[in-house]
Structure formats: C-alpha cells, structure tokens
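Dear colleague,

Please find below the structure that I am handing over to you, together with its sequence. My findings follow it, and I should be grateful if you would read them against the coordinates.

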Amino acid sequence: MKNPPAGCRRWSFHLADLAAKVNSLRAKWPWFDRAVATIEHYGHVNGNLLAGGVTFFGFLSFFPILALGFAVAGWISAVYPAANDNLTTAIQQIFPGIVSTEPAPGKISLQQIQESSPTAGIIGLAGILYAGLGWITALRQAMAAVFRADIADRPNFIKGKLIDLMMLTLIGTVLVVSVGFSSLVSALAGWFADLIGLDNVIGAVLLFLIGTTLAIAASTVLFFVIYRLLGRSAVAAADLWSGALLAAIGFEILKLIVVNIVGGVGGSAFAPLALAITLLVWINYFARLSVYGAAWSYTGRRS
C-alpha cells in the first residue's frame, strides 16, 4: 500500500496539533470546554436542520400569528388598554427594521394587519390557529431533540395542538408583559435623567444602556419559557437561564446589526422580494439562536 503524499501527511500533523491544542484549552478553560461541547451537541442533533424546520413554519405562520395576535389584543384592550400598543412595540423589537407602524416602502405595515385582524379573528380562526401552531409545533420538536426528551413522553396530535396553543398564548403574554414593563422602566429612566439634569449625550447613553439591558432581560425570560415548557427536560434551571441569557445577548446583537442593514431595503422594484428574504433570514437566525441556547443549557455541568 502506497504511503500518502507528503502534503497530506503535513495536513494530518497540523490537524493533530490543532486537536491537541483544543483539548488542552478545553482542560484549562471550563467555559471554552462548554462552548466546544455546545457546538458538538448542535452538530449531533442536526441543529441547522432543526432551525430550518422552525424557519419554514415560522415564515408561513408569520402573518396568521400577527393577525390573531392583534385580534386577541383588541379583545383584551377592553380590560388592559395598553395591550395593543405593547404588542406593536414587541413586534417592532423582535423584527426591527422589518415592520413599521404605518405603511412604508419595503416594510410590513402593522396598521394594515391590525385593520384586517377582526375579520381574520372571526372568519379564519381555525385556519389561523392551524397555520400559527405549525411554528410552535416545529419549535417544540426542535427543543425536544436538543434536550433529548423521551419520545414516549411526547403527546398525541390533539393533545399536542392544545399544548402548543397554550404555549403560544403564554409566550405571547410573556412577551407583551415584559415589553410593557420595559417601556415603563425606560420612561421612568428618561424622566429621572431629565430630573437630575443630565446632558443629551449622557442621557442618550444612559437610556440606550437601560433599554438594551431591559431588552436582554425580556428576551432571556422569553427564551427561558421556551426551553422550560417546550423542551420538557430535566435540565437544571440555572443552566436553562444561562442558555436563555446567551441566546438573548446574541439576539440583541443581531437586532443592532439588522437595524443598520435593513434600512435600505425599501425604495426599489425588488423591495418585496428583499423584504421576504430578510424576514426569512431573520427567522432562521432566531431559530438558530434558540437551538444554540438550548444546546448550551444541555451541556451545562449541573445537567
């Protein structure tokens, strides 16, 4: 049998040295070991494939979920008047630069969706629920795969849809309440900054830091609810919180990036296509962050 070429032998030596270096760093730094373990677990469960399934159903369910959300918010507004405004703010925070309150070129108009929500809520409730629950079902199955949930514990079709409906309602409630709390604290922070007489630069920086911190906190709670209720895993709560925080920080970084990139989508003949692609990519990044955060939680030492 012929020996491999010299170039192949050099590459094998380099790879062996690299593997040895990585192993030494994993033994030295626990956080690095966990990061590598997270990436390995993400690959073992086919994380990209799971995120792709969540993306597909999320894209199909985007408009039905928004229409149903505004219909429900309209009913709740009789008891909680700020529900509609909080829902609008929450959607704008999750999809920055993609949605707008009023019609605008290259943007999804929440006003038009809100105007059609009563009809959608009355006539197409069954269809909206079926389409909207497809996303939460795909997300639940992805979390079950990452957390290695027992297949025997998975519910049947009817029970699964009822659970997904409750999860969708709970996730939406957590999102709206957290955004309402964040808006209240941000308003109080602005009032306090004016009261003590901070200049415009310091006040703007302070409000940015407070707003970013509150947004990370709200996203952390959202991801934790997803991991705890959809993952149905015995993973320690501390590890779930750490994974949720990691996903929330990554989510905030992506939001800052997409706000600066998506600003130029409108104003061209290809704006609708560019908007659809942007929405699709954004949902996929959200799905990947969800799976990565779950993988980080699963590989925690407490678990």
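In what follows, two residues are in contact when heavy atoms of theirs lie within 4.5 Å. The model is a predicted one: local features need pLDDT of at least 70 and side-chain atom pairs pLDDT 80 or more, while totals for chains, interfaces and linings use all residues. Residues are numbered from 1 along each chain as its sequence is written, and side-chain values use heavy atoms, with hydrogens and water left out.

Overall architecture

The protein has ten helices and two strands; these are DSSP runs numbered from the N terminus, helices being H or I with at least four residues and strands E with at least two. Along the sequence their order is α-α-α-α-β-β-α-α-α-α-α-α. Of the 303 residues, 43% count as buried. Buried means under 20% relative accessible area, exposed means over 50%, and partly exposed lies in between, with a 1.4 Å probe and protein chains only. Among contacts with a separation of 6 or more, 75% are between residues 24 or more positions apart.

The nonpolar core

The largest nonpolar core has 54 residues, and Phe 95, Met 143 and Tyr 227 have the most contacts inside it. Such a core is a set of buried Ala, Val, Leu, Ile, Met, Phe, Trp, Tyr and Cys residues joined through side-chain atoms within 4.5 Å. The elements that give two or more residues to this core are H3 (47-76), H4 (83-94), H6 (125-146), H7 (157-196), H8 (200-231), H9 (237-261) and H10 (271-298). H10 provides the largest share, ten residues. Beyond its neighbours within four places in sequence, Phe 95 is in contact with Phe 62, Leu 279, Trp 282 and Ile 283.

Ser 290 also belongs to helix H10, and it is buried, its relative accessible area being 0%. Leaving out residues up to four places away in sequence, Ser 290 touches Met 143, Phe 223 and Tyr 227.

Helix H2 covers residues 30-44. Its end C-alpha atoms are 21 Å apart, in agreement with the 21 Å that its 15 residues should span at 1.5 Å a residue; the expected span is 1.5 Å times one less than the number of residues. The buried residues of H2 are Phe 32, Asp 33, Arg 34, Val 36, Ala 37, Thr 38, His 41 and Tyr 42.

His 41 counts as buried because its relative accessibility is 6%. Residues up to four places away aside, His 41 touches Val 146, Arg 148, Ala 295, Tyr 298 and Thr 299. Ala 295 lies in helix H10 and is buried at a relative accessible area of 1%. Apart from neighbours within four places, Ala 295 is in contact with Thr 38, His 41, Tyr 42 and Val 146.

Where does the side chain of Arg 34 meet that of Asp 239? The two form a salt bridge, at 3.7 Å from N to O. A salt bridge here is a side-chain nitrogen of Lys or Arg within 4 Å of a carboxyl oxygen of Asp or Glu, and by this rule the count comes to one. The pair links distant parts of the chain, Asp 239 being in helix H9 and Arg 34 in helix H2, 205 residues apart. Asp 239 counts as buried at 0% relative accessibility, and Arg 34 is buried at 15%.

Just after H2, Asn 46 takes a positive phi of about 55° although it is not a glycine. Asn 46 is placed in the loop between H2 and H3 and is partly exposed, with a relative accessible area of 45%.

The nonpolar surface patch

Phe 56, Phe 57, Phe 59, Leu 60 and Leu 280 make a nonpolar surface patch of about 450 Å². Patch residues have over 30% relative accessible area and no salt bridge, with like charges joined within 9 Å and nonpolar side chains (Val, Leu, Ile, Met, Phe, Trp, Tyr) within 5 Å. H3 gives the most to the patch, four residues. Leu 280 is in helix H10 and counts as partly exposed at 37% relative accessibility.

With kind regards

Definitions and conventions
Accessible areas come from the Shrake-Rupley method with a 1.4 Å probe; for residues, only the protein chains shown count as cover.
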